[in-house]
Amino acid sequence: MEHSNTPGRSLRPSATSMALGQLLLSLVCAAKAEQSWVISENAYSSYFILSGDVSALLSDGASVWLKGEDYKVELSQSIDGRSSTYVQLDRDHGASIGDTVVLKAAGSESGGSKDTASLSPVDNVVSSGGSSAPEAAPQGAGGFNAAVRLSTAVSLQDVKREVQAQGKPAVVIVTQPWCGACKHLKSSINDNMDQLTGMMDKFVVVHAPGDAGAEWQPPGENDGYIPRVYFMDTNGAFMDVAGPNEQYRYFFQDADGLETAMKQVLTKLGKSAEL
């Protein structure tokens with residue numbers, strides 16, 4: 001029996017056409033599917049690390065879902081020989097290792113979270129009782145405040161000469177200007193200089209930013225993650241003092257971990273009486 005295809009008449013689709021429609025729908029859904037990754041390391045502040053090189057997908061400015069909120073990717077950088085990707089978002093995320101990051105498909109709806117990317121630093125300060133934000137400490141070099149007395153020596157050979165001349169061990173902080181984790185470490189050090197000043201006075205404190213950090217590696221290794229912190233004894237020899245992260249041995253995320261390691265160095269050098 002023939003059916004006339006005229007307005008106002010409902011036609012029953014055939015099994016073949018229904019199957020074809022389901023196939024097309026599946027293809028469309030697959031094309032729009034949101035890609036996701038599980039946070040593998042260093043979920044802290046506004047950054048985290050994912051396994052594999054996904055920097056091309058999570059490019060700067062991409063929108064992602066994380067813990068029910070939407071974020072913008074401020075920076076993605078492949079590290080460790082492209083085996084991992086460092087990702088920095090537009091604000092603190094409160095996520096943990098094992099949480100899932102979802103790349104939002106084009107045109108997907110916002111989760112309604114407030115976009116802080118366009119706010120000034122003053123807008124991001126939560127006021128309490130009408131008080132203003134605390135005044136920042138005087139700025140020193142490389143993101144550290146003036147209370148952090150950095151050595152002018154930066155290269156490996158110059159630092160060796162400096163520690164031998166002063167009779168002090170060295171703490172060497174390797175950073176990159178784009179790295180959110182590095183900025184967090186610097187900020188933590190700046191905020192805790194009241195308790196760290198006495199400890200740091202016992203060390204030659206070295207900051208090796210950008211390309212200056214390339215030569216700073218443990219013997220026989222080639223670490224690509226940052227920030228990294230190394231120690232040198234008073235003779236200029238490398239000291240194997242690790243941070244709290246087993247996978248990233250020389251990664252320190254805050255002043256507390258750094259202070260603990262500095263105490264270990266002094267103890268190893270027989271200077272525990274100075275603690």
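Q: Which residues does Tyr86 touch, apart from residues up to four places away in sequence?
A: Tyr86 touches Tyr47, Phe48, Ile49, Leu75, Ser76, Gln77, Ile79, Trp178, Cys179, Gly180 and Ala181. These pairs are called contacts because their heavy atoms lie within 4.5 Å. The model is a predicted one, in which local features need pLDDT of at least 70 and side-chain atom pairs count only at pLDDT 80 or more, while totals for chains, interfaces and linings use all residues. Residues are numbered from 1 along each chain as its sequence is written, and side-chain values use heavy atoms, with hydrogens and water left out.

Q: What makes a set of residues a nonpolar core, and which residues have the most contacts inside the largest one?
A: A nonpolar core is a set of buried Ala, Val, Leu, Ile, Met, Phe, Trp, Tyr and Cys residues joined through side-chain atoms within 4.5 Å. Buried means under 20% relative accessible area, exposed means over 50%, and partly exposed lies in between (1.4 Å probe, protein chains only). The largest core has 25 residues, and Tyr86, Val159, Ala170, Val172 and Trp216 have the most contacts inside it. Elements giving two or more residues to this core include strand 2 (47-51), strand 4 (69-79), helix 2 (156-166) and helix 3. Another core, of 23 residues, lies apart from it, with Val148, Met193, Met239 and Val265 among its members.

Q: How many helices and strands are assigned, and what are they called by?
A: The protein has five helices and ten strands. Helices (H or I, at least four residues) and strands (E, at least two) are DSSP runs, numbered from the N terminus.

Q: How do you know what span to expect for helix 3?
A: The expected span is 1.5 Å times one less than the number of residues. Helix 3 (residues 180-191) has twelve residues and reaches 16 Å from its first C-alpha to its last, close to the 16 Å expected. Its buried residues are Gly180, Ala181, Cys182, Leu185, Lys186, Ser188, Ile189 and Asn190.

Q: Why is the pairing of Lys104 with Asp70 called a salt bridge?
A: The term requires a side-chain nitrogen of Lys or Arg within 4 Å of a carboxyl oxygen of Asp or Glu. The closest N and O atoms of Lys104 and Asp70 are 3.8 Å apart, so the pair qualifies. Lys104 lies in the loop between strand 6 and helix 2 and Asp70 in strand 4, so the bridge ties together parts that are 34 residues apart in sequence. Lys104 has a relative accessible area of 14% and is therefore buried; Asp70, at 14%, is buried as well.

Q: Which residues are linked in a network of salt bridges?
A: Glu69, Asp90 and Arg91 are linked in this way. Within it, the closest N and O atoms of Arg91 and Asp90 are 3.3 Å apart, and both of these residues are buried. The structure holds six salt bridges.

Q: What makes the pair of Tyr250 and Asp240 a polar contact?
A: A polar contact is a pair of N or O atoms within 3.5 Å; within protein, one must be able to donate a hydrogen and the other to accept it, and residues adjacent in sequence count only if both atoms are side-chain atoms. The side chains of Tyr250 and Asp240 make such a contact at 2.7 Å. Tyr250 lies in the loop between strand 10 (238-239) and helix 5 (255-268). At 2% relative accessibility, Tyr250 counts as buried. Its contacts beyond four places in sequence include Pro218, Tyr225, Pro227 and Phe238.

Q: Why is Ser151 called buried?
A: Its relative accessible area is 17%, so Ser151 counts as buried. Ser151 lies in the loop between strand 6 (100-103) and helix 2. A polar atom of its side chain lies 3.0 Å from the backbone nitrogen of Ala153.
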